[in-house]
Amino acid sequence: MITDTIKRFVGQLFKSRTQGMQRISREKHGIDRRNVSRHAIKVCEVLQHEGYQAYIVGGAVRDLIVGLEPKDFDVATNATPEQVRALFRRARIIGRRFQLVHVVFGQEIIETSTFRAPASESQETDDHGRILRDNEFGTHEQDAVRRDFTINALYYDPTNEEVIDFHQGVEDLKKRVVRMIGDPQTRYREDPVRMLRAVRFAVKLNGTIHPASKDPLKGMADLIENVPASRLFDEMLKLLTCGHAMDCLQQLRQDGLHHGLLPLLDVVLEQPGGAAFIELALDRTDHRVRSGKTVSPSFLFAALLWHQVDLRWRQLIQKGETGIPALMQAADSVLDEQTEKLAIHKRFTSDMREIWFMQPRFEKRLPKSIWRLIEQPRLRAAVDFLQLRAAAGEFDSVLAQWWMDLANADDASRAAMIDDLSRLPREGGGQAPRTRTRRRRTSPSTPPSDHGNAPTVG
Ligand code: ATP
Ligand code: MG
């Protein structure tokens, strides 16, 4: 009897959360249409004019309701990808796992997807329940069920300015609760990346993960290992560039989700010096993101892995290897280890190498080699990186500033700056020059001269 009553009560509770669709008026959701991308509005209007349903959906609606600036705008519609493409001059169908249309307006791309059908028997999954392919179209309501969190399943109609909400997402959003739609364990199994997304959204909204969605995280963390490395990289990049990177990493650690994400991050965060450096790097990244500036993924990953590279470099030097070749070897071994789990794109790793390899070249200022350095395409990033090292106390800040000024100067001023150097005492020999680097005793970038393997400049 009692169990029946409890069952009925729980059933009613569950029902009350999944019951029907709510239409939320402008006064209640508070979205100001002026903050909505006019291109996204255009896509909706064109589709609606042709008799289709079309809404702005996902992160943009979520962010607009809480007063954040959306990163991008997505549209959901009942028109098929072919039907969407036919309506726009610059539109292309993309994607394998699920086809969608990119409608292009100059710099802005409006990602337009067709309503999806719910997870079904016919869906192809791997041995762990992860969905491999799903290309079935569905109804509006079904599309909402397929989305991850209630706060991400909100649909904004720019024509009547209503938000359509099937899962009380607006209510959760006002309470800043990240709640999985459906059974959290099943949904995490279908796509383990959702665990990382839960953490990211909770941090970004300064909210919490609903207990039922949070509890399974620790036990299911290992499933992240089955996620393809390239997908993990994309998600990790989103996490690191969401404007709250350090908070996200700390939260991931607390929820036991950080293992295997960036394997060396564990080690680095546990090294006192390493943690400070990473905190600085992430802090700067967060500031850039929050003030609307772009962030370079290569710079960010170069910073995250620098101390590991530095450590290996030092070890190699102790074994008698020489300066720059040892640095290259250290970089290779760190990157090999990382990319096994997290596929850092090749275009990024080559930039990261350049940023790292230029570091020892900043130690001494010999005119001929300075001119050669100036020609390097990644000089600006490498000099920025040097600033970071200076801020972390591992490089002389006056010298770091000199390089920054040089990177910013025009050719004539550069020539004058380099010319001025001849009036300074020679660096690296005899008397200590005014701008000599503050050197860590064990740094491989400044090995004791009796090793005879100091990384040479140029
Ligand atoms: P942001 O763009 O700020 O990272 P977002 O919520 O827009 O956040 P996207 O990755 O752009 O995230 O996805 C757009 C929408 O697609 C989400 O809001 C959500 O509704 C749905 N979605 C994305 N990834 C998943 C997933 N793994 N499982 C279910 N739904 C998802
Ligand atoms: Mg988005």
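Strands β9 (residues 154-157) and β10 (residues 162-165) pair in the antiparallel sense over four bridges, and within this pairing aspartate 157 has glutamate 162 of β10 as its bridge partner. The model is a predicted one, and the two strands belong to an open sheet of eight strands with mixed pairing, ordered β1-β10-β9-β2-β3-β6-β5-β4. The protein as a whole has 22 helices and twelve strands, and buried residues make up 50% of its 458 residues. Of the contacts with a separation of 6 or more, 67% are between residues 24 or more positions apart.

**The sheet and the helix packed on it**

- In the eight-strand order β1-β10-β9-β2-β3-β6-β5-β4, the edges are formed by β1 (22-24) and β4 (91-94), each of which pairs on one side only.
- From one strand to the next, the twist of the sheet averages 30°.
- Helix α3 (residues 38-49) packs on the sheet, where it touches β2 (54-57), β3 (74-77), β5 (100-105), β6 (108-114) and β9, and its direction makes about 155° with that of β2.

- The hairpin formed by β4 and β5 has five residues between the strands, and in its turn glycine 95 has a positive phi of about 95°.
- The pairing of β5 with β6 is also in the antiparallel sense, over six bridges, and here valine 104 stands opposite isoleucine 109 in β6.
- Two residues lie between the strands in the hairpin of β5 and β6, where glycine 106 takes a positive phi near 55°.

- Glutamate 161, in the loop between β9 and β10, has a phi near 60°, which is a positive value in a residue other than glycine.
- Glutamine 168 is not a glycine either, yet it has a positive phi of about 55°, and its place is in the loop between β10 and α7 (169-175).
- Glutamine 168 counts as buried because its relative accessibility is 10%, and the cut-off for that class is under 20%.

- Threonine 241 is placed in the loop between α12 (229-240) and α13 (245-254), and with a relative accessible area of 24% it is partly exposed.
- Along the chain, threonine 241 and valine 289 are 48 residues apart, but their C-alpha atoms are separated by 6.7 Å.
- When neighbours within four places in sequence are left aside, threonine 241 is in contact with Val289, Val295 and Leu300.

**Helix pairs**

- Two packed helices are described by the angle between their axes and the distance between the axes.
- For helix α16 (residues 297-318) and helix α18 (residues 346-358), the axes come within 9 Å and cross at roughly 55°, an angle that makes α16 oblique to α18.
- The crossing of α16 and α18 is right-handed, and the residues that meet there are Pro297, Ser298, Phe299, Phe301, Ala302, Leu305, Trp306 and Val309 in α16, and Phe348, Asp351, Met352, Ile355 and Trp356 in α18.
- By class, the residues of the contact of α16 with α18 divide into eleven nonpolar, one polar and one charged.
- Helix α19 (residues 367-374) and helix α21 (residues 397-408) pack with their axes 11 Å apart and at an angle of about 55°, and α19 and α21 are therefore oblique to each other.
- The crossing of α19 and α21 is right-handed, and in it Ile370, Leu373 and Ile374 of α19 meet Trp402, Trp403 and Leu406 of α21.
- The contact of α19 with α21 has six nonpolar residues, with no polar and no charged residues.

Key
Residues are numbered from 1 along each chain as its sequence is written. Chains are lettered from A and ligands numbered from 1 in the order in which they are written. This is a predicted model: local features need pLDDT of at least 70, side-chain atom pairs count only at pLDDT 80 or more; totals for chains, interfaces and linings use all residues. Side-chain values use heavy atoms; hydrogens and water are left out. Two strands pair if DSSP finds at least two bridges between them. Axes are lines fitted to C-alpha atoms, for helices over the stretch in contact, and angles run from 0 to 180 degrees between N-to-C directions. Contact means heavy atoms within 4.5 Å. Angles under 35 degrees count as roughly parallel, over 145 as roughly antiparallel, 65 to 115 as roughly perpendicular and the rest as oblique. A crossing is left-handed if the near helix is turned anticlockwise from the far one by less than a right angle, and right-handed if clockwise. Ala, Val, Leu, Ile, Met, Phe, Trp, Tyr, Cys and Pro count as nonpolar, Asp, Glu, Lys and Arg as charged, and the others, Gly among them, as polar. Buried means under 20% relative accessible area, exposed over 50%, partly exposed in between (1.4 Å probe, protein chains only).
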